[in-house]
Amino acid sequence: KLLVAGAATFGIRLSPAQTGQFCRYYSCIVESNRKVNLTSVTDWTEVQSRHFLDSLSVSVAIPPDMLQSGRFVDIGSGAGMPGVPLKIAFPGLRPTLIESTAKKTAFLSGLAAALGLSDLRVCTGRAEDLAQDPELRESFDFVVARAVAGMSTLAELTLPFCRVGGLVIAQKKLTARDEIDRAETAIEAVGGRLLDIREVCVEGLEDTRALVVLEKVQATPTRFPRRPGIPAKRPLG
């Protein structure tokens, strides 16, 4: 199977029960996609590579202790990527999935129940608003985001959720190096620093991906993130 072989390249051994969960996940996506626009990718082979394996690739940038029982938040989770595949592969993780579209969060809540995923929380709302919630602000070991926004905007939307000493892992194309360089001012302004840019190859995908890893080095000033829409319209720096 593509999924099992691809996961193994990241050092992940999927059990039959876990592969069964991924198959159920795929069925839920296909069924719900008729009513909710979750993804344009619905072919089983493509979903394995472009969604599931691409999500699991994030694990190579996460320290082993965090993978065992870390609390993490997935910003702009959409159909649950990368948060749900990570939870399936590493059951000890405690994810919070943030998505602004209520129809998608309804899907995510139903998906968690269908897959029997415990310790999974779903929040409906904008990251700019939820980052000011005392329960969520600076409370996560790591933050993940996949194709949400430009790097400057992404830094402002993600780092406020991360505890000092924690990590942000943003999935980008390898061609985004200039974008990452331009984001340095924004990353520093919200309390982070660029730790690593890690190249990853995903089984079934031709282009090499990049995991942009930020470390939270100091508390985020209370004025960040700015009100909804502003981080995207007027990126810092």
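This is a predicted model: local features need pLDDT of at least 70, side-chain atom pairs count only at pLDDT 80 or more; totals for chains, interfaces and linings use all residues.
Two strands count as paired if DSSP finds at least two bridges between them, and strand β1 (residues 71-75) meets that condition with β4 (residues 140-146), the two running in the parallel sense over four bridges. Within this pairing, phenylalanine 72 stands opposite phenylalanine 142 in β4.

- Seven strands make up an open sheet of mixed pairing, in the order β3-β2-β1-β4-β5-β7-β6.
- At the edges stand β3 (121-124) and β6 (192-200), each of which pairs on one side only, and the twist from one strand to the next averages 20°.

**Strand β1 and its neighbours**

- Besides its parallel pairing with β4, β1 pairs with β2 in the parallel sense over five bridges.
- On the β4 side, the bridge partner of valine 73 is valine 143, while on the β2 side arginine 71 has arginine 94 as its bridge partner.
- Strand β1 is mostly covered, with four of its five residues buried.
- Arginine 71 also places its charged end over the ring of phenylalanine 140, at 4.5 Å from the ring centre.

- Helix α8 (residues 151-158) lies across β1, β4, β5 (162-173) and β7 (209-216), and runs at about 150° to β5.

**Aromatic contacts**

- The count of aromatic pairs comes to five.
- One of them joins tyrosine 26 and tryptophan 44 in a tilted arrangement, with 4.9 Å from centre to centre and 50° between the planes.
- Because tyrosine 26 lies in helix α2 (residues 16-32) and tryptophan 44 in helix α3 (residues 44-56), this pair ties together parts that are 18 residues apart in sequence.
- Tryptophan 44 also pairs with phenylalanine 52, here edge-to-face, at 6.4 Å centre to centre and 70° between the planes.
- Tyrosine 26 counts as buried at 19% relative accessibility, whereas tryptophan 44, at 28%, counts as partly exposed; phenylalanine 52 is buried, with a relative accessible area of 0%.
- Phe22, Tyr25, Tyr26, Trp44 and Phe52 together form one aromatic cluster.

Methods:
Residues are numbered from 1 along each chain as its sequence is written. Side-chain values use heavy atoms; hydrogens and water are left out. Axes are lines fitted to C-alpha atoms, for helices over the stretch in contact, and angles run from 0 to 180 degrees between N-to-C directions. Contact means heavy atoms within 4.5 Å. Buried means under 20% relative accessible area, exposed over 50%, partly exposed in between (1.4 Å probe, protein chains only). Rings of Phe, Tyr and Trp (its six-membered ring) pair if their centres lie within 6.5 Å; planes under 30 degrees apart count as stacked, over 60 as edge-to-face and the rest as tilted. A charge sits over a ring if NZ of Lys or CZ of Arg is within 6 Å of the ring centre and within 35 degrees of the ring normal.
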